[in-house]
Every structure is written in structure tokens, then in C-alpha cells.
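Thank you for sending this model for comment. My notes are set out below as numbered points.

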Amino acid sequence: MLVVLLALNWIISSFFLAPPERSPVSYTFFLSQVQGNNVAEITSTADTIEGQFKKEVAYTPTGDTKSEQVERFTTQRPSFADDDLFSSLQADNVPVNANPPDAPAPIWQQLLIGFGPTILLVALFIWISRRMAGAAGGGGVLGSFGKSRAKLYQPEGGPRTTFADVAGIQEVEQEVTEIVDFLREPDKYRKLGAQIPHGVLLSGPPGTGKTLLARAVAGEAQVPFFSISASEFIEAIVGVGASRVRDLFDQAKKVAPSIIFIDELDAIGRARGSAQSLGGNDEREQTLNQILTEMDGFTGSEGVVVLAATNRSEVLDPALLRPGRFDRRVVVSPPDLAGRHAILVVHTRGVPVAPGVDLDGIAASTPGMVGADLKNLVNEAALLAARRGHSQVQNNDFTDALEKIVLGTVRGLMLTPDEKERTAFHESGHALLGMLTPGADPVRKISIIPRGQALGVTFQSPSSDRYGYSAIYLRGRIIGALGGRAAEEVVFGDMTTGAESDLDQVSNIARQMVGRWGMSDAIGPVTVLPPPGQESPFGLDGVAPATRELVDSEVRKIVEECYTEALSLLRSHRPQLDSLAHRLLQTETLDEADAYAAAGISPSEAPGAVARGEAPGSAPAPGIPHPVATDAASANGVAASS
Ligand code: ADP
Ligand code: MG
Ligand code: ZN
């Protein structure tokens, strides 16, 4: 290729370097121009005379009818010519040269123009491929595109991550340790005829510790550990992904027993030919196919185990999940109460915690938070303690940090008295309905200090972790979320934009009740809507238009019933609403005890405070944020929630 490129370059450049053509003219014509004093300069080589006229002249070659304009000319002097050419030229002061007129350009110039562009191009190419290979630590110049960029984990250098850094997900840890154990002592398992799984797939919500667990495996396994993020396979150049996969598995097999860790597998592992992958994702598909091929190629005796992590196992190609590939699937769920406590302990190891700090209490007030959230909480508390000049992190640092994370940062926004009053009634509406509705989560905090996008916040969280929701509870959530708007209508007879994010929550819950959880009579116990976030872009979800309309009318029915309920509850408890709102206007923030006292409801009597027996073990309902934070948001408000 290089040779062809150079040759082409040379030919093109010599074409450009070549002098312009000279037109042959007859000697007689030349002589007439000499006599007309129109010759600027001539050069002669033997009998050939080449030169230039002062002005362009029209010349008609013999036997031709068309004339042409000539400035640069060439002609032959016949040997019998016996004119006195030289003296007439001299008389006209025409310079006469005798060296070849069209001497080639100097050699360096020819070389530069002839090869320069090609050399520049090649240099650029080398530079780019160097840079791309840089992260992988070199490799051949042109071949490095196909090299995998997996990093071989180096145990030395930096503190190692170990299983002691992972807390609250014991079951998962155990599954993974078993694999590590097999790689260390394969004979123990082989004697019993057991076969090691080819692949282990960790799936679960973001921040639950999947990547952390893989790092811990790397730190403990004492076998080579290759780690790569799935998106690193994909390059703009088609075919690179597949060859990187091949290279990665070759490397791993060479040093087996070894572990390959592919993070964020969903980046390439999406189901082939699904609606989301419309639009030519050939490269991703090829890469995926290559992974499948490589995993099939294992006989099991190589001792290469593939560990993969994904946030969204439901979008993965079914072929990845069939036995013989990722045959062990481990779900990493958000931690429970004990798990959150254990994670807090891990992350407060390096933090001086004051003796009075109640980690159990913090764990109890953070349902739904995952490892990454808890790590962030500890860090925020430490930052707060440092800013306040504490020598140890105290309990109020933790509670204030939690408030900041859950409710948002306080914004220095000055509300007009009118707006403030409206917000107070709006939040009181949420809170009062939260206190009055049977089965609702207890109200922990109400505030009309603007935070983040919201003008005020009402914060509710359950007394214990929830894993499933009853229809009555969900209706209570809708009633509570509509409480803000209902209070505005009851008190001011008007509405504001502040309820936008409330209404989002309401429609979200109501749609799922109807379309996914079979909680409406008209639709019945079938799912007719795709899971949230997986809607097909063209509405091709196999649902009849009539059903769609029915869903809409059922959603409307539920919401209207709940709104009527909210209005009538607030009307019949108007004195309590007023007293709560006035108290809120005075103090701006009310915590649990003050709020219940201001509303004249004792928390123990409040129906929400009783323990509710819901079937444990069912998966947490998606799309229902917990804990609840209903807010009076500005026009583009977003509910603060974990
Ligand atoms: P993901 O599941 O999205 O890969 P990560 O493993 O990247 O989550 O978690 C991010 C951070 O959160 C970790 O680096 C760790 O500090 C913290 N973390 C998450 N889960 C746990 C856990 N179970 N135990 C201790 N720390 C955790
Ligand atoms: Mg991760
Ligand atoms: Zn609201």
C-alpha cells in the first residue's frame, strides 16, 4: 500500500512540476516575429529554438483553419537557413541562451513534493495509532487496533481491595468466592467431577457494589485477572471489537487459570435485533457473537472464568444467559437494614466517629440506599464535620448530611410572603394526608426552605424496609402526592405550577397500577404496558388501541377518585391543615414529632405508624422511589428522593 501510495504521489507531483507545453511554430513565423520585435528571449539547443514572445500572437499552423494564441513556442531552424538570425536578435536586444531551457527542479524540491505528502500521512497514522495504543502499553504500530485493552490487574501498587471492603452482600460474595476457590485448587473439585461455571453474571442496580466485588476478587484470587469495560471493545472501526475479544481470550488462556472481568456488559450484550438496536449496530453484534463463540470454545479445562457485571440484565441477549455461558447469575440487591449497617461500618473505618454516633439509627433511616449512597453519606458527614470544626464526626453531622442528600441543598432563594404561605399550605396538604391515610409511610420532616429545584419538601419514609406494595398503599401514595394541589384548591381556590413533579409521580404510579400490576377491574390481572424505561420507540408493543384507551381511562379514574378523596379529607380536617401550615410558616421546618403535634395527631394513633404486614420477599416494585419526598417544585421541579 505504501509503495502504491508513493508511486501515485510521484506521478501526480511530476505532472505538476512539468513545465507548460510549448507550441510548435514554423520557422518562417518565428522569423516574422523577430522582425516584428516580438521575441522576448530564446534558448537554443542545436537546431531547436525555444523561447517566449513578448505578447501572445495568433498563429495558424499550416493545413489548419483554426488559429491559436501562442506565447511559449518551439521551432526548428533549417540547416539551409542563411539569414543573419543572431545579429538581428542582437539588434533587438533579445537574450540568447544556449543551455537546456527546461532544466528539472532541484532534486530536494522534487523529493519534497514527490514524497512529502505521503510521508506526512504515514507519520500522522503512526502517531494516531501510538496514541490509541498508549493506554494498552504499546504494541505494533498498525496491529494495535485489534489488541484488547484489558488491563491485567497488578496486585502490587496501591492498597488492595479485599473481601473485607465489601459488606452487606454476603450471598453474592459467597458465590464468587467459590469460583476463586476453584481456580486456586481445581483438583478438589475435579476429583468430584464438578465442572466450574464458564461465566458468572452479577446484575443489580447501580452502586450496589458489583465492580467493587470484582476488584475484591482480583485482590484475593492470586490468579491473573483481566478487567475491561464492555464499551472499550467498541471502536469506530468495524471488526475491531471482535478481534479485541479474541485477543483478550487468547491472553487469558495463555496464563490460565485466570479470570476475565467484563464490566457494564449491557453496552454490547443487548438482545440482537431488538427495537433498541435498530440502526446498524453491526459492530456490537459482531463483538457479542465473538464473546459467545469464545465462551463456547472453553472445554472447562482451560480454567478461564468470565465474570461480568450489568445494571440491566433484562435487556441482555438470551443467548448470553443460556447454560454453558453465564450459567451462574447472581443478583446483587440493595442492602437490607443489617447490610446497610455493615456497609456503614466499612466506610467509617478511616473516619474518626464520635462515641455517641448511632450507626444503627442511620442504617434504619436510609431504606433504599445502596452502598455507593452510604459511602457518599459518610463522606458528606465528614466534610460537614470538618467545616464545623469538629474533631470527630458527630451524630448531627450524619443527620444533616442525610437531610442534604435526601432533600437537596438549601438554596438561598427569597420567597415572597404570598409564595411562602402557598408553599406552607401545599406541603401541609401532603403531610396531613400522609398522616391521615391508612398505611402511608410516617411523615419524617416538612420544610418550606427552598432546596434544589423544590420550594418545599415533605419527607416520608417507612419504619422498616418494604419489598412490595399493596393497592391500598399505592392509592395512599397517590392521595398524599395530590395533597399539595388539593390543599391549594381548598385554601386558595386556585392552582400553581408547583405540583408538576407531584403529578409526574401520580401518573407514574397510577399507570403502573393499571398497566403492570393488574390493579384495575377493567383491565384485569394482565400486563399491558412495558416496564418503565423499556417502552418501544414506535409504540409497537402489541397492545390494541382500544386497550390503550382503556388504560388511559382507568388511570384517570384512579387519579380522580384519589383527588376527590384528598379534597374531602382536607375539607373535613381543615382546622388541622390550618394549624399545621401556620406552625410551618413560623418555624419553616418541622420534624416528625413537631409535625404530628401541630396537626394534633399522635404518631401512635396515626394509621401510618402501625407495622404493616406485606408479603416479604417479592421484588421491590420498580419505579416507586423510596423514601417518599413530595415537594412543591418550581415549574421544572424534580422530586428529591433517594
Ligand atoms: P456498581 O454495582 O454500580 O458497580 P460499585 O461497585 O462501583 O457499584 O460501587 C461504588 C462504590 O460504592 C464502591 O466503590 C464502594 O465504595 C461503595 N460500595 C458499593 N457497594 C458496597 C458494599 N456492598 N460494601 C461496601 N462498599 C460498597
Ligand atoms: Mg460498576
Ligand atoms: Zn407537592
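The points that follow run from the basis of the model through its overall make-up to individual sites.

1. This is a predicted model, in which local features need pLDDT of at least 70 and side-chain atom pairs count only at pLDDT 80 or more, while totals for chains, interfaces and linings use all residues. Residues are numbered from 1 along each chain as its sequence is written, chains are lettered from A and ligands numbered from 1 in the order in which they are written, and side-chain values use heavy atoms, with hydrogens and water left out.

2. The protein has 21 helices and 15 strands, where helices (H or I, at least four residues) and strands (E, at least two) are DSSP runs numbered from the N terminus. Of its 642 residues, 43% are buried; buried means under 20% relative accessible area, exposed over 50%, and partly exposed in between, with a 1.4 Å probe and protein chains only. Among contacts (heavy atoms within 4.5 Å) between residues at least 6 apart in sequence, 74% join residues at least 24 apart.

3. Around ligand 1 there are 17 residues, the closest being Ala 167, Gly 207, Lys 210, Thr 211 and Leu 212; a residue is counted here if one of its heavy atoms lies within 4 Å of the ligand. A nitrogen atom of ligand 1 lies 2.7 Å from a backbone N or O atom of Ala 167, and a nitrogen atom of the ligand is 3.3 Å from a polar backbone atom of Thr 208. An oxygen atom of ligand 1 lies 2.8 Å from a backbone N or O atom of Leu 212.

4. Ser 203 belongs to strand E7 (residues 199–203) and is buried, with a relative accessible area of 9%. Once its neighbours within four places in sequence are set aside, Ser 203 is in contact with Lys 210, Thr 310, Ser 313, Val 330, Val 331 and Val 332.

5. Not counting residues up to four places away in sequence, Ser 229 touches Asp 263 and Glu 264.

6. Lys 188 sits in helix H6 (residues 186–190) and is partly exposed at 41% relative accessibility. Its side chain makes a polar contact with the side chain of Asp 181, at 3.0 Å; such a contact is a pair of N or O atoms within 3.5 Å, where within protein one must be able to donate a hydrogen and the other to accept it, and residues adjacent in sequence count only if both atoms are side-chain atoms.

7. Most residues other than glycine have a negative phi. Asn 37, however, has a positive phi of about 60°; it lies in the loop between helix H2 (27–35) and strand E2 (39–45) and is partly exposed at 38% relative accessibility. Glu 588 likewise has a positive phi, of about 70°, in the loop between H20 and strand E14 (589–591), and is partly exposed with a relative accessible area of 26%.
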